[in-house]
Amino acid sequence: MQFLDFEKPIADLYDQLAKLKENGEKSGVDVSATVSEYEQKIADTRQHIYTHLTAWQRVQLSRHPDRPYTLAYIEKMCTNFTELHGDRNVKDDKAMVGGFADLDGETVMFIGQQKGINTKMRQLRNFGMANPEGYRKALRLMKLAERFNKPIVTLIDTPGAYPGLEAEERGQAEAIARNLFEMVKLRVPVICIIIGEGASGGALGIGIGDRVFMLENSWYTVISPENCSTILWRSWNFKEKAAEELKLTSDYMSQFGLVDGIVREPLGGAHGNPDEMAQILKVRIKETLAELRKIDPDTRIEQRIDKFSRMGFYEER
């Protein structure tokens, strides 16, 4: 088990529990009562910590190395996943994955960013930062789903679109803008779920849907706390303050009307019980698809446009 800085009290209790069990085995003394006390203390400490999380702590949880990524959710929720590759123009972007899968008898197009589960895979996946061809691949798959009248589910988890020179040369901004333009007009149900980091246009590029949800310990904003701190204070040392000021957590996003709902995570975060988290997410997806299927496609598109048009503050002159 990997513990974050603010989880140190829990880590200390686990260490004490392990030593207690080890001593009990060596001495042959029955320590079951004391073990039960420690287990209860761990549960109480976890409950206290996770009901008083700061914005920065939620950002840390969204980046936990054991947190499930897109392919893990697809594997746990679906069967017969067939990954589709390439944008038919440049190449296959490994940071963006997608394909048809069977969700309890219904064929669904799943698309999402994939960060990688170890150092080698993170490098291969470019740490979840897609190039223009990744967004063009995503759009190709969405259009394919629309052609066969299959619903679309996008799983968002990215620190941002790749900002490299080659990405700009191949039209990063245009690729994301094209996705926004096309996604708002898709005639099939579209559900977008932020499962980890939802940063800037990298998240928005697959984030236009009939329903947009956030996992409890995810975040969604125009810039990461570190980069915001660097711009405002010329240092990363104010990232905790930046996280608070950005109001990037799921509770704030729901209050602002930028997302349609929050998917609660198991106590301790999605990484603590990935199987339970996948089942919770699966139930939410199935319920939402059943709701959206009752709405006429033209009405759905109109509602989608109205929803995003209402976001933000502006004045017409």
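The volume is the space filled by probe spheres set on the points, which are joined across faces, edges and corners. The model is predicted: local features need pLDDT of at least 70 and side-chain atom pairs count only at pLDDT 80 or more, whereas totals for chains, interfaces and linings use all residues. Residues are numbered from 1 along each chain as its sequence is written, and side-chain values use heavy atoms, with hydrogens and water left out.

The second largest pocket is lined by 16 residues, with Met 1, Arg 46, Gly 268, His 271 and Gly 272 lying nearest its centre; lining residues have an atom within 4 Å of a point. This lining comprises six nonpolar, six polar and four charged residues, where Ala, Val, Leu, Ile, Met, Phe, Trp, Tyr, Cys and Pro count as nonpolar, Asp, Glu, Lys and Arg as charged, and the others, Gly among them, as polar.

The largest pocket has a volume of about 290 Å³. Its lining consists of 13 residues, of which Leu 204, Tyr 220, Thr 221, Val 222 and Leu 258 are nearest the centre. Eight of the lining residues are nonpolar, five are polar and none is charged. Helix 9 (200-204) and strand 7 (219-221) each contribute at least two residues to this lining, helices (H or I, at least four residues) and strands (E, at least two) being DSSP runs numbered from the N terminus. Helix 9 gives the most, with three residues.

With a disulfide defined as a pair of cysteine sulfur atoms within 2.5 Å, the count comes to zero. Cys 78 is in no disulfide, the nearest cysteine sulfur, that of Cys 192, being 16 Å away; this separation is too far for a bond. Both residues are buried (under 20% relative accessible area with a 1.4 Å probe, protein chains only): Cys 78 has a relative accessible area of 10%, and Cys 192 one of 0%.

The buried residues of helix 14 are Arg 300, Ile 301, Arg 304, Lys 307 and Phe 308. Seen down the helix axis, these buried residues fall within an arc of 125° and therefore line one face of helix 14, the arc being that of the directions from the helix axis to the C-beta atoms.

Methods. 1 Å grid on protein atoms, 1.4 Å probe; cavity = no way out; pocket = protein on both sides within 12 Å on 5 of 7 lines; lining within 4 Å. Buried < 20%, exposed > 50% of the residue type's maximum accessible area, 1.4 Å probe, protein only.
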